[in-house]
Amino acid sequence: MASARKFACVVAVEKNGGIGKSNSLPWKLPGDMRFFSHLTKRVSTKGKQNAVIMGRKTWESIPGKHRPLGDRVNILLSKSLSTAPEGTHLCSSLQAAFDLLSTDSFTESVEKIFVIGGAAVYKEALEHPSAHRLYITHVLEDFNCDVHFPDFDKNVFKEISDSDVPSEMQEDNGIQYKFQVYQRDI
């Protein structure tokens, strides 16, 4: 088994820890979507792309016209699918995805790795020794979500400032939110 490369988790979390309701986002935050897109697409080396790893339910929650997520390597985790949807790589586990991304062809073509959901994938990712950063959009309202982001140790993942991440309060559609970055030294 190859050793995993460092990776980050990207998530929007409402004030009670919720990340989704009825397999979709319960809020419409265009600024957060732009931030997510910019963060997960931005590379410093021309010709490279970033990879996004997601579970099957997260994949299904993305509107069809946006699948696969453009300009990124899409890796779908599923134990039930037998064939990869067009534009994705199918892996049976998070570790299998990390192993795939540690092969020569992907180490040469993929710059950064982002885990983008859902809850079970986040839980496993947070326990992984190569989890390096958390990009969390804190949505400052309660949406009575039915899926939640797992708790994480703020003594392990410490809040940092990142000049590429806006630090001021954001607002879309009357909903306030704030971007925060947490990092573990590895």
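Contact here means heavy atoms within 4.5 Å. This is a predicted model, where local features need pLDDT of at least 70, side-chain atom pairs count only at pLDDT 80 or more, and totals for chains, interfaces and linings use all residues. Residues are numbered from 1 along each chain as its sequence is written, and side-chain values use heavy atoms, with hydrogens and water left out.

Figure 1. Residues 24 or more positions apart make up 70% of the contacts with a separation of 6 or more. The chain has 5 helices and 11 strands; these are DSSP runs numbered from the N terminus, with helices being H or I of at least four residues and strands E of at least two. The radius of gyration is 16 Å, close to the 16 Å that the globule rule gives for 186 residues, so the chain is as compact as a globular protein of that length. (That radius is taken over C-alpha atoms, and the rule is 2.2 Å times the number of residues to the power 0.38.) Along the principal axes, the C-alpha atoms fill a box of roughly 45 × 35 × 30 Å.

Figure 2. Of the 186 residues, 48% count as buried, meaning under 20% relative accessible area; exposed is over 50%, and partly exposed sits in between (1.4 Å probe, protein chains only). The chain exposes about 9800 Å², with carbon and sulfur atoms supplying 48% of it. Those areas come from the Shrake-Rupley method with a 1.4 Å probe, and for residues only the protein chains shown count as cover. On the charge side, there are 23 positive and 23 negative side chains, and the centres of the two sets lie 2 Å apart. Lys and Arg count as positive, Asp and Glu as negative, while His and the chain ends are not counted; each charge is placed at NZ of Lys, CZ of Arg, CG of Asp or CD of Glu.

Figure 3. Helix α5 spans residues 119-127, and its buried residues are V121, Y122, A125 and L126. They cover an arc of only 130° around the axis, which puts them on the same side of α5; the arc is that of the directions from the helix axis to the C-beta atoms. Exposed A120 and E127 are carried on the face turned away from that buried side. As background, an α-helix has 3.6 residues a turn, so residues three or four places apart point the same way. In the loop between β6 (110-115) and α5 you'll find G118, which is joined to G117 by a cis peptide bond with omega about 0°.

**Figure 4. Helix α3, seen down its axis.** L94, Q95, A97, F98 and L101 are the buried residues of this helix, which runs over residues 94-101. They fall within an arc of 155°, so they line one face of α3.

**Figure 5. V181 and its surroundings.** V181 is part of strand β11 (residues 175-183) and, at 2% relative accessibility, counts as buried. Which residues does V181 touch, leaving aside its neighbours within four places in sequence? The list is R133, L134, Y135, K158, E159, I160, D162 and V165. Take L134: it is 47 residues away from V181 in sequence, yet the C-alpha atoms are 5.6 Å apart.

Figure 6. Most residues other than glycine have a negative phi, and most peptide bonds are trans. N144 has a positive phi, near 50°, and lies in the loop between β7 (131-139) and β8 (147-148). N173 also has phi near 50°; its loop runs between β10 (170-172) and β11. Both are exposed, N144 at 56% relative accessibility and N173 at 60%. The peptide bond from R67 to P68 is cis, with omega near -10°, and P68 sits in the loop between α2 (56-61) and β4 (72-77).

Figure 7. S22 is in the loop between β2 (18-20) and α1 (30-41) and is exposed, with a relative accessible area of 59%. Its C-alpha atom is 11 Å from that of N144, 122 residues away along the chain. S61 belongs to helix α2 and is partly exposed, at 29% relative accessible area.
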